[in-house]
Amino acid sequence: MALWGASDADESKPKNLTATEKKEVYATDAGWVLRGGSALTGCDNTDATPEVLVAISGLAVSVGAADITNIDLITSSFSKAAGGTLSVRVTFNEEVDVTGTPQLTVVNDTNSNHTLSYLSGTGTYRLLFTLAIAAGNAATDADDVLSIGANAVSLNGGTIKDKGTSTVSTITNSAAIGTAAGSITVVA
């Protein structure tokens, strides 16, 4: 069995990496790349040049359409009284270009769901979605549980495409990916 491959499965990423470490690796035309500033590089400089782990020419084309590999709730707590910004990071297995304003839905278990808008990340493999919620807003109540469900990302008339191509990325995510993002319980 090869130590790496040219498909979009995690099994194709370098075998010496743990499942958590594989979340830091994505496909480019140069091969499997470790994001700049990753703890794995021993460098905390997020502006550092990504490190090529395995050189496979044209890998980004070989893996097909970019897929969502991870979703993270960046916001770790939320207070109804103080309000704040909900922030979610969506990670793809390769770099993507974004046009328009795609959206991401955060599920509220007892109230209206929250629609976060794309903020930044085009040209990278990580996209940031945010929503500012004012203090005391009726959209959340104390003890509401906020989480990510299946198929959380919608194009909203925009596009998410493989970087530098016209290949439309896969924007669906399984319930397991949403569950892995965790949840936030709103405090009073």
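Reader: In which loop is the place of Lys80?

Author: This is a predicted model, in which local features need pLDDT of at least 70, side-chain atom pairs count only at pLDDT 80 or more, and totals for chains, interfaces and linings use all residues. Residues are numbered from 1 along each chain as its sequence is written, and side-chain values use heavy atoms, with hydrogens and water left out. Helices (H or I, at least four residues) and strands (E, at least two) are DSSP runs, numbered from the N terminus. On that basis, Lys80 lies in the loop between strand S5 (78–79) and strand S6 (84–92).

Reader: Which backbone oxygen lies 2.6 Å from a polar atom of the side chain of Lys80?

Author: Contact means heavy atoms within 4.5 Å. Not counting residues up to four places away in sequence, Lys80 touches several residues, including Gly136, Ala138, Asp141 and Val187. The backbone oxygen at 2.6 Å from a polar atom of the Lys80 side chain belongs to Asn137.

Reader: Is Asp143 buried or exposed?

Author: Asp143 is found in the loop between strand S10 (126–133) and strand S11 (145–154). Buried means under 20% relative accessible area, exposed over 50%, and partly exposed in between (1.4 Å probe, protein chains only). Because its relative accessible area is 61%, Asp143 is exposed.

Reader: How many Å apart in space are Asp143 and Thr185?

Author: Leaving aside neighbours within four places in sequence, Asp143 is in contact with Thr185 and Val186. Asp143 and Thr185 are 42 residues apart in sequence, and their C-alpha to C-alpha separation in space is 5.6 Å.

Reader: Which radius of gyration does the protein chain have?

Author: The protein chain holds 3 helices and 13 strands, and its C-alpha trace spans about 55 × 35 × 30 Å along the principal axes. The radius of gyration is taken over C-alpha atoms, and the globule rule is 2.2 Å times the number of residues to the power 0.38. For 188 residues a compact globule would have a value near 16 Å, which agrees with that of the protein chain, 17 Å.

Reader: What percentage of the 188 residues in the protein chain do buried residues make up?

Author: Among contacts in the protein chain between residues at least 6 apart in sequence, 66% join residues at least 24 apart. As for burial, the share of the 188 residues that is buried is 41%.

Notes
A polar contact is a pair of N or O atoms within 3.5 Å; within protein, one must be able to donate a hydrogen and the other to accept it, and residues adjacent in sequence count only if both atoms are side-chain atoms.
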